Amino acid sequence: MTGTEDEIVTLLSSGHNVAGAYQQLQQLLKEGKDGTSLASHQKRLLPIVLQHAQQDETAQLALRVLGHFVHAPAIVASYSDAQMHEILLLISQLIRTAKNKTVCNLAVWCVSVLGFPRCGIVRGDDPILATAASDDPQQPLLAVLDALAQALKNRFQSATIEVEALAALGKLVTLVGADMRQTAHIWLPDVADRLVSPVAKLRDKAEGLIRVAMPQLRPIPEQVSKRVRQQVQQAALLANLSVLADGLGPDPRPALRIWGLLVTLLKPFVIQGEIINVLLKLPEKLFTHDNPD
């Protein structure tokens with residue numbers, strides 16, 4: 001370990017000038033983006049960073065560094081499976097329990113920049129099934145998905161956190177796509193209701209995520225369609241869908257794309273309940289729309 005890295009570990013361990021130590025550490029990470037210079041030292045640094053991430057006064061500093069630690073290829077390659085599982089379980093805990101909006105957002109961001117292989121995200125060799133494994137609190141992927149679903153419920157009333165949570169789910173789809181299908185009952189309903197959000201950025205993010213995931217999701221499991229229906233048919237969401245249909249604007253194609261995704265996700269429940277009446281409003285309006293496309 002070089003003198004600079006020794007100094008950083010000493011400062012972080014002692015609690016003296018912790019902010020300065022994290023500033024130096026971030027500078028080292030920026031200078032060597034793949035993390036090569038720090039990979040051999042992560043065994044000393046990681047426990048300190050994880051400890052600081054759990055302390056109110058140092059959580060934001062530690063999480064900004066942890067984001068680099070879970071992303072930089074050389075550092076990630078130096079982890080054992082157990083270390084990666086520990087990191088993800090801690091991040092999940094912070095997302096669920098953070099009392100500070102910035103801390104919650106940074107913890108979610110750590111997932112959205114994740115660079116772990118499947119063995120670091122899913123404990124064990126077998127595919128995750130929607131059975132007893134879904135209740136395993138030590139299964140990192142399930143813990144993260146549960147935490148992100150809670151982030152989407154948005155206790156901080158922050159669109160920024162919701163957008164970051166959607167980005168984090170998108171990252172997991174790219175890393176462990178098949179496992180995301182098996183666990184879609186956990187995360188997909190909360191994403192589906194963002195398709196009719198009054199916030200355009202959330203609608204766009206949700207649409208992009210579902211389109212990326214769709215090759216893995218098809219055919220949509222029936223229990224997932226049922227949960228999506230339960231989520232989307234809530235009165236407030238039906239009202240949002242109605243507003244979306246009423247306010248097509250000069251280009252109806254974005255609304256039509258969302259309509260198509262909802263129909264796909266809701267099968268075979270699309271014709272049940274009040275939702276079919278709301279969904280039919282949009283194609284009805286297209287017959288008289290000025291845009292020939």
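**Salt bridges and helix packing in the predicted model**

R211 and E207 are both located in helix 14 (residues 200–217), where a spacing of four residues places them about one turn of the helix apart. In this predicted model, the two side chains form a salt bridge whose closest N and O atoms are 3.1 Å apart.

In the whole structure, six salt bridges are found. One of them joins K153 to D190, with 3.2 Å between the closest N and O atoms. K153 belongs to helix 10 (residues 140–153) and D190 to helix 13, so this pair ties together parts separated by 37 residues in sequence. K153 counts as exposed, at 57% relative accessibility, while D190 counts as buried, at 6%. A further salt bridge is formed between D193 and R194, the closest N and O atoms lying 2.6 Å apart. Both D193 and R194 are buried, and together with E162 these residues are linked in a network of salt bridges.

Helix 13 (residues 184–192) also packs against helix 15 (residues 222–232): the axes come within 9 Å and cross at roughly 35°. The crossing of helix 13 with helix 15 is right-handed. On the side of helix 13, the contact is made by A184, H185, L188, P189, D190 and A192; helix 15 contributes Q223, V224, R227, V228, Q231 and V232. The residues of this contact comprise seven nonpolar, three polar and two charged.

Conventions:
Residues are numbered from 1 along each chain as its sequence is written. This is a predicted model: local features need pLDDT of at least 70, side-chain atom pairs count only at pLDDT 80 or more; totals for chains, interfaces and linings use all residues. Side-chain values use heavy atoms; hydrogens and water are left out. Axes are lines fitted to C-alpha atoms, for helices over the stretch in contact, and angles run from 0 to 180 degrees between N-to-C directions. Helices (H or I, at least four residues) and strands (E, at least two) are DSSP runs, numbered from the N terminus. A crossing is left-handed if the near helix is turned anticlockwise from the far one by less than a right angle, and right-handed if clockwise. Contact means heavy atoms within 4.5 Å. Ala, Val, Leu, Ile, Met, Phe, Trp, Tyr, Cys and Pro count as nonpolar, Asp, Glu, Lys and Arg as charged, and the others, Gly among them, as polar. A salt bridge is a side-chain nitrogen of Lys or Arg within 4 Å of a carboxyl oxygen of Asp or Glu. Buried means under 20% relative accessible area, exposed over 50%, partly exposed in between (1.4 Å probe, protein chains only).
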